[in-house]
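Please keep the sequence and the structure in view while reading.

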Amino acid sequence: KNDATQSGQVFDCQCIYPCLVEMTPSCTESTPKVGSILSSSPQIMQVLSAFTPKRFLNNRCVQTQAVEVRISNAQRELAKMRWKMNALMLSIGLAQTVVYACTRSRHALLTMRGMYLDLDPCATEVEAYLRVLLFTTLYIGRLAIWFLAPLHNDLIMMRLVMLLDIAFVLMEDAFEIAEQISLPMPAPVRVVLWPIVNLYLVFGFVLAMCHQKSTPMQRDMWRTLHIWLWLKIVYCAFWSTYASVRCGTVAWRFCFIPPMLAMAWFVSCPSLRQSYQANMLAFFEGRSQARAAAAVAGLVGRCSATEVVAQSAARFRDVELAELCFTDLADNVPNPLLFSLSSNAPMHSCDAFVSHSWHDDADAKWKALQKWRNGFIEAHGREPRVWLDKCCIDQNDIEADLRCLPIFLSGCQRLVVFCGPTYLSRLWCIMELFTFVQLGRKAESIEFEVVLREDHEEEDLQAVEEAFNTFDAQTCSCFDAEDKDRMLSIIHAAFGNMNKFNDEVVAIFRAAQWRNEVRQKRLSRSSSSLTASG
């Protein structure tokens, strides 16, 4: 150890292996505290010190710290976007609710009976219709303000807006019952039906709030809101028709219905809601880099940057490609024996992160993998060590490894994309590519290998080129439907809709010039075929 120190070689375990030092428990409380174990073992420290040059450690230290800073900044960007969106939208919604409550109050400033309650039931003046239309727009408009405030994966904010609306409808019921009781001839049916319609909303929101995941919670929230609006429309249509027959003219009560119909249509169109939210996000945070960073932060979850980097360092593994054979990668069936072939590795020591689709042809992919491997051996004079999902993900704790995926990507020297006809249709593949670039890696660090079946090269090249031309992350799929829901929620939370995310991914394609490479290969093969036939 003394000799190593004198020769300028030191081992900075805190910098390279943050998991090896004493620290607060991680979010999963699974990060081992083994710093004291290593420090009490001079033999281990001596071996590690002797074989680790100082300049190599310093370089890795800078890389690790840079990743931690990027993750921390991304989490701050996401928190800032949420704060801006929530604060403004909730403020507007609450102000609108206060104005509405004042119009319903018996002591309203506009009239002694509120916005419309002093109207003659058979009034036909234009002012009567306009007042009711304005009142209903104010009443319904709060929905578009409140329920678009939470970002897609913000469970706390979704619960808050549902609780606020529950309080609102209960207040509305109290106003309605009090107003009916104060009339000389109250309508018992209205006193009963109005609260029943609102109680549906209350129970629906309570059930939605019980979900622990954002996608089902948001789905049930919007579904409850949609059904409640239609119940309101039916209720208003019934009383409006009754009033029209009684008065012999079109009752002003029909003006309750158009704003409700418009809101019911808005609520039933997810693409319209997402477009609205995307425009709001662009207004609050116009920088595409900030929204991309927020997407990376969403993958990490609620763990702090320090915790997730430490946990990733403890879980990071790689495998030597020479250890694998074709049957190991023929399918994606979990195999514990393959995990045992991989070993823990220092961050940034892995040669490549292998990104591929399990739905591409196994023979063609193995051939492309061996082609890349041979090129690496020729260039570096040794076997490559890679991160490969089937070998390096712990099947006993998949969720923890997936949370560490952004750090695993940054811990590899390069990303090797094995792109076959199905690669661009797999959402995990797209997220790997997107995350690698957003963590500061340049297009030059990404290697592109086309996966082509023997005797079907032209067909596969055409399919890959078409996939580039028609790329849409919304149509991508995952083996696990829950994974897709989670990633789509992360994308929607950061970008508002898929179009903005698609633009970011296509920009990566354009920078790497993969589409041109595929087109050139296809044209080259076509020319060769024509020459051979000639």
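Predicted model: local features only at pLDDT ≥ 70, side-chain atom pairs only at ≥ 80, totals over all residues.

A crossing of two helices is called left-handed if the near helix is turned anticlockwise from the far one by less than a right angle, and right-handed if the turn is clockwise. The protein chain contains 23 helices and 6 strands. Of its 534 residues, 51% are buried. Among contacts between residues at least 6 apart in sequence, 79% join residues at least 24 apart.

Consider the pair formed by helix α9 (residues 214-247) and helix α10 (residues 257-267). Their axes come within 9 Å and cross at roughly 160 degrees. Angles over 145 degrees count as roughly antiparallel, and α9 and α10 are therefore roughly antiparallel to each other. The crossing in which α9 passes α10 is left-handed. On the α9 side, the residues that meet α10 are Trp222, Leu225, His226, Leu229, Trp230, Lys232, Ile233, Cys236 and Ala237. Their counterparts in α10 are Ile257, Met260, Leu261, Met263, Ala264 and Val267. By class, the residues of this contact between α9 and α10 comprise 13 nonpolar, 1 polar and 1 charged.

Another pair is arranged at another angle. The axes of helix α19 (residues 427-438) and helix α22 (residues 498-512) come within 10 Å and cross at roughly 75 degrees, which makes α19 roughly perpendicular to α22. From α19, the contact involves Ile430, Met431, Leu433, Phe434, Val437 and Gln438, while α22 supplies Phe501, Glu504, Val505, Ile508 and Phe509. These residues of the contact of α19 with α22 divide into 9 nonpolar, 1 polar and 1 charged.

What lies in the interior? The largest nonpolar core has 79 residues, and the members that touch the most others are Trp387, Phe471, Phe501, Phe509 and Trp514. Helix α19 contributes the largest share of this core, 8 residues. Phe501 and Phe509, both named among those core members, also belong to the α22 side of the contact with α19. For Trp387, contacts beyond its neighbours within four places in sequence include Phe316, Arg317, Phe353, Leu405 and Phe408. A second, separate core of 53 residues includes Leu155, Trp194, Leu229 and Cys236. Of these, Leu229 and Cys236 are also residues of α9 that meet α10.

Most residues other than glycine have a negative phi. His348, however, has a phi near 75 degrees, a positive value. This residue is placed in the loop between β2 (343-344) and β3 (352-356), and His348 counts as buried because its relative accessibility is 5%. Asp455 likewise has a positive phi, near 70 degrees, and is located in the loop between β6 (446-450) and α20 (457-469). Its relative accessibility is 67%, so Asp455 counts as exposed.

With a relative accessibility of 48%, Thr124 counts as partly exposed. Thr124 and Trp252 are 128 residues apart in sequence, yet their C-alpha atoms are 7.2 Å apart in space. Leaving aside neighbours within four places in sequence, the contacts of Thr124 are with Tyr129 and Thr249.

Note on methods: Residues numbered from 1 in each chain as written. Heavy atoms only, no water. Axes fitted to C-alpha atoms, helices over the stretch in contact; angles between N-to-C directions. Helix = DSSP H or I, 4+ residues; strand = E, 2+ residues; numbered from the N terminus. Parallel < 35°, antiparallel > 145°, perpendicular 65-115°, else oblique. Contact = heavy atoms within 4.5 Å. Nonpolar A, V, L, I, M, F, W, Y, C, P; charged D, E, K, R; others polar. Core = buried A, V, L, I, M, F, W, Y, C linked by side-chain atoms within 4.5 Å. Buried < 20%, exposed > 50% of the residue type's maximum accessible area, 1.4 Å probe, protein only.
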